[in-house]
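Please look over the sequence and the structure shown here before reading on.

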Protein chains: 2
Amino acid sequence: MKNFIANLNKAFESRVRLGIMSLLMVNDFVDFGTLKEQLQITDGNLASHINALEKLHYIEIRKQFVGKKPNTSFAASVEGKKAFSEHLDALEKLINQSN
Amino acid sequence: MKNFIANLNKAFESRVRLGIMSLLMVNDFVDFGTLKEQLQITDGNLASHINALEKLHYIEIRKQFVGKKPNTSFAASVEGKKAFSEHLDALEKLINQSN
DNA sequence: CGTTTTAACTTTGCCGCTCAAAGTACTTTT
DNA sequence: AAAAGTACTTTGAGCGGCAAAGTTAAAACG
């Protein structure tokens with residue numbers, strides 16, 4: 001129970017990041033439009049969070065064409081899943097301690 | 001499963017606030033020094049987070065003397081407990097969906 | 001063709017927030 | 001008298017989220 005806060009990952013503190021990762025834990029390869037719609041944020045905002053997560057190697061990006069339209073999809077990397085899992089564990093400890 | 005992010009409370013996004021509230025959910029009236037030690041942050045930083053939580057009426061402050069030393073203690077208000085509980089519920093939904 | 005639309009960004013810039021450090025006030029201890 | 005303890009407040013740097021507007025490239029439209 002010492003330093004129970006230290007195990008929280010800074011990268012996942014924002015609601016948007018939390019949302020992105022939780023969607024990518026369940027579904028592999030969610031596309032840009034779907035994420036934008038689910039999270040109800042602007043495309044620029046989404047792009048910047050995606051960019052941040054990719055720089056941390058927490059997600060992988062796949063660009064392709066679906067029919068004639070460009071389509072960018074994202075998946076959580078092994079490293080990303082591990083990091084997010086650890087973050088959730090830390091949160092779970094807070095929750096179990098608090099209610 | 002719609003807007004599962006919208007139920008997260010902005011006030012509890014930071015690790016420090018998360019830590020303060022989770023401590024106050026379990027123990028009523030934790031004092032300044034204890035919080036500072038548990039969270040390992042500077043006194044100024046703690047004071048500002050405390051101030052923010054008080055402005056939201058999420059915590060209550062009790063000032064007294066213990067022996068000859070001033071002692072400030074904090075407790076989660078009913079409103080604060082409710083808000084934090086709802087935040088945790090939203091987090092729990094993320095977790096259960098994600099692992 | 002020229003214009004408009006769509007998808008996915010990038011850039012810009014504001015605003016708010018976190019945080020450490022330093023300063024303050026008041027009291028106790030030495 | 002000086003130092004130390006408690007609890008702040010103030011200051012200021014730095015980061016980070018966000019919307020809005022600009023960009024690119026291809027597609028659809030007329």
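Predicted model: local features only at pLDDT ≥ 70, side-chain atom pairs only at ≥ 80, totals over all residues.

In chain B, strand β2(B), which covers residues 59–66, is joined to β3(B) by eight bridges, the two strands running antiparallel. β3(B) also pairs with strand β1(B), again in the antiparallel sense, over two bridges. The two pairings are set out in the table.

| Strand and residues | Partner | Bridges |
|---|---|---|
| β1(B), residues 30–31 | β3(B), residues 69–76 | two |
| β2(B), residues 59–66 | β3(B) | eight |

Within these pairings, B:Val30 has B:Phe74 in β3(B) as its bridge partner, while B:Phe65 stands opposite B:Pro70 of β3(B). The hairpin formed by β2(B) and β3(B) has two residues between its strands, and B:Gly67 takes a positive phi near 65 degrees there.

Helix α1(B), residues 15–26, is made up of twelve residues and reaches 17 Å from its first C-alpha to its last, which is close to the expected 16 Å at 1.5 Å a residue. The helix is mostly covered, with ten of its twelve residues buried; among them are B:Val16, B:Leu18, B:Ile20 and B:Leu24, together with the polar B:Ser22 and the charged B:Arg17.

In chain A, A:Ser73 lies in strand β3, residues 69–76. A:Ser73 counts as buried because its relative accessible area is 3%, under the cut-off of 20%. Its side chain makes a polar contact of 3.2 Å with the side chain of A:Asn71. Leaving aside neighbours within four places in sequence, A:Ser73 is in contact with A:Phe29, A:Val30 and A:Asp31, and also with A:Glu60, A:Ile61 and A:Arg62.

Methods:
Residues numbered from 1 in each chain as written. Chains lettered and ligands numbered in written order. Heavy atoms only, no water. Pairing = 2+ DSSP bridges. Helix = DSSP H or I, 4+ residues; strand = E, 2+ residues; numbered from the N terminus. Expected span 1.5 Å × (residues − 1). Buried < 20%, exposed > 50% of the residue type's maximum accessible area, 1.4 Å probe, protein only. Polar contact = N/O pair within 3.5 Å; in protein donor to acceptor, adjacent residues only side chain to side chain. Contact = heavy atoms within 4.5 Å.
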